[in-house]
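Subject: Handover of a structure

Dear colleague,

I am passing this structure on to you, and I would be grateful if you could look through it before reading my notes.

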Amino acid sequence: MNTPRSHSKTLFEKIFDRHVIVTRESGDALLFIDRQLIHDLHYRAFEELQATGRTIRYPDQLFATPDHSVPTTAKKLTDIPQGEMRDTVAGLQGAAERIGFTHFDMTDPRHGIVHVIGPEQGITLPGLTLVCGDSHTSTHGALGCLSFGIGSTEVKHVLATQTLWQRKPRNMRITVDGTLGPGLSAKDIILAIIRHIGAAGGTGYAIEYAGSAIRQLSIEGRMTISNMTIEAGARFGIIAPDDKTLEYVYGRPHAPTGEKWEEAMAYWRTLPSDDTAVFAKEININAAAIEPTVTWGNSPQFCVGISDVIPDPASETDLATRANMESALTYMDLLPGTPINKIEIDRVFIGSCTNSRIEDLRQAAEVFKGRCVVVPTLVVPGSGLVKSEAEREGLDRIFIDAGAQWREPGCSMCVAINGDVLLPGQRCASTSNRNFQGRQGMGSRTHLVSPAMAAAAAVTGRFTDSRQLSR
Amino acid sequence: MEAFKTVKGVVLPIDRSNIDTDAIIPKQYLKSVARSGFGANLFDEWRYLDHGEPGQEHSNRPINPNFVLNEKRYTGAEVLLARSNFGCGSSREHAVWALRDYGVKVIIASSFADIFFNNCFKNGLLPLVLPEDVIDVLFDSIKDEPGYMLEVDLESQNIITPDGTQHSFDIERFRKYCLVNGFDDIDLTLQHKKDISEFEASHKQRMPWLFEDIS
Ligand code: SF4
């Protein structure tokens, strides 16, 4: 065994240490924050700060877009009905105009979900620290940066100081080796991981994903993995930058060019964890054993393979987990022993920062091609650029011909505050990231799946192994 | 921020793990312009039988008699007791505001979600981690004793049960200092203004590509 050298570091530690300004006796470090993303629900932060006489330290490192409250039928601000949703979107726009930070408004072709457009615009780069007042900020870690979700008070703290106090978390490495079966995707991997470590398994840790199955994923697939890291309790889900990462970043609007690119690249190459770096916890997952996965409860950890049945709480020995399972089954109106592929659904949602990028849409379109939906189905691209690319490839025609609705970009039915909402009791196959009670509307029942599985459910009206529908 | 004082209050037991922030305050309230008054919407979907909307009058909404918060004996609770992974899910600080506005000053659980845990300290709410066996005992004791109160002494880092039993808890020193004094984070950070400026200057040298837009 190699003895760890004292200076060997993990990918996470390398980036963290480079951003430490000062450290308190208690161990908390004041971190420099390179970039902040802002979405509509935080528009009041600006007024609140200014009301206390403070200024925004680095408007140039601030990037904003409205996503949570935008109706997916609206193309511009005035399409939104008068009321809170419109006030929220207008509030962010007003702040951007007043303060002068970059704002991709609804009419901007680059507009979209904050976690989709950050990487798309090259705002997200390897090696930086990036925050957003949104728990799924973990998404950006797929490019090898330190990105994490924060609360409103911390949003203001970063606006005013460009820094944040952080306690260095422990490091966990999740190695996914083996080859993922055909027809499976990153979503199935991350659901399998959460099932394995539990919804709180990553609490207090920064997770690094490694292994051949992760390397084989595209950058978009890696973002799906990092995105749902927060559903395993960890704020950070980071993946070492490699050639794919550099290729992805190269040429994006905010990415460096020329000499600066060379300089940046040289630094990024030094980022991967040292061979002798020590992780407080190591988890190994075999990708070959993963099946298309479906959640059945109100926590993403409650999931099984498509060929499985609803588990029986009676066989769970941990009493608190058993109680959780029981209440989930009542809420979800499911019985133990029911085969997953016998569960009928009422609605399908394809979208969200987990699965709304072009590859996700391609995977769904592959299943939709030449078939018709049998339940109302909503397809919402993650950004204006994803939308136009999908239209260029003719995917929109496939969705529309199948009877699905093709909408404007936004969070939509992932959080259901923009008017796209399930009715009480409705069961939805959703590519989003949370299946909590009421997440998609009061009394809504959410099952999380991959884009291909959502499409398969849409055309069959129940959970169906998407591999059976592949050509 | 209001300074944290010793709390002696009724304990509201919610015997669940993974209580998520969507449950603590449903998303329709995130659009609300107000930053206060969320107490009436704490656990909205569990607490009421109808669907709530911001700005609605709450006094005449149908109450869910099966939700523990609605039991008379827990009126005015200042301490909330739950199980593991409390506050998981969305980063919404509204969850903390709703708890505070309702009157909760301390939450006791066997573990907390990281973002929620941080948000608590920014708003004078004390999240306390106790071992699972102690939590079991507390749940049991409350069941048998209407009006069960706990005293939470932050200074000595102890909780004291009605029969005088003490359970000590850990809290990071600086967080305790801020809670006890009700300090604002931004002011404290700006004490390091010079360090920040110096760091910025050298950071720009080391990672110039991050500042392409800044001349
Ligand atoms: S798509 Fe869903 S999870 Fe992602 S930022 Fe929007 S609301 Fe949050």
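This is a predicted model: local features need pLDDT of at least 70, side-chain atom pairs count only at pLDDT 80 or more; totals for chains, interfaces and linings use all residues.

Domains. Chain A is divided into domain 1 (11-169), domain 2 (170-241 + 273-288) and domain 3 (341-463). The centres of domain 2 and domain 3 of chain A, taken over C-alpha atoms, are separated by 24 Å, and the contact between these two domains takes 12 residues from domain 2 and 10 residues from domain 3. On the side of domain 2 of chain A that touches domain 3, the elements giving two or more residues are helix H6 (186-197) and helix H8 (219-227) of chain A, and H8(A) gives the most, with four residues. By class, that side of domain 2 of chain A has two nonpolar, six polar and four charged residues.

Sheet. In chain A there is an open sheet of five strands in the order S5-S4-S3-S6-S7, with parallel pairing. Strand S5 (102-103) and strand S7 (146-149) of chain A each have a single partner strand and stand at the edges, so one side of each is left without a neighbour in the sheet. Strand S6 (residues 129-132) of chain A runs parallel to S7(A) and is joined to S7(A) by four bridges, and A:Thr129 stands opposite A:Leu146 of S7(A).

Helix packing. The axes of helix H2 (residues 44-51) and helix H5 (residues 152-161), both of chain A, come within 10 Å and cross at roughly 65°, in a right-handed crossing. H2(A) contributes A:Ala45, A:Glu48 and A:Leu49 to the contact, while H5(A) contributes A:Ser152, A:Val155, A:Lys156, A:Leu159 and A:Ala160; by class, these are five nonpolar, one polar and two charged residues.

Ligand. There are 13 residues around the ligand, of which A:Ser352, A:Cys353, A:Cys411, A:Cys414 and A:Val415 come nearest. This shell divides into five nonpolar, six polar and two charged residues, and draws at least three residues from each of domain 1 and domain 3 of chain A.

Contact between the chains. Here 51 residues come from chain A and 46 residues from chain B. The elements of chain A that each supply at least two residues to the side touching chain B include strand S1 (20-23), strand S2 (28-32) and helix H3 (84-99), but H5(A) gives the most to that side, with six residues. The side of chain A that touches chain B has 19 nonpolar, 19 polar and 13 charged residues.

With best wishes

Notes: Residues are numbered from 1 along each chain as its sequence is written. Chains are lettered from A and ligands numbered from 1 in the order in which they are written. Axes are lines fitted to C-alpha atoms, for helices over the stretch in contact, and angles run from 0 to 180 degrees between N-to-C directions. A crossing is left-handed if the near helix is turned anticlockwise from the far one by less than a right angle, and right-handed if clockwise. Two residues are in contact if their C-beta atoms, placed from the backbone, lie within 7 Å. Ala, Val, Leu, Ile, Met, Phe, Trp, Tyr, Cys and Pro count as nonpolar, Asp, Glu, Lys and Arg as charged, and the others, Gly among them, as polar. A residue is near a molecule or strand if its C-beta atom, placed from the backbone, lies within 6 Å of it. Domain bounds come from an automatic or database domain assignment. Two strands pair if DSSP finds at least two bridges between them.
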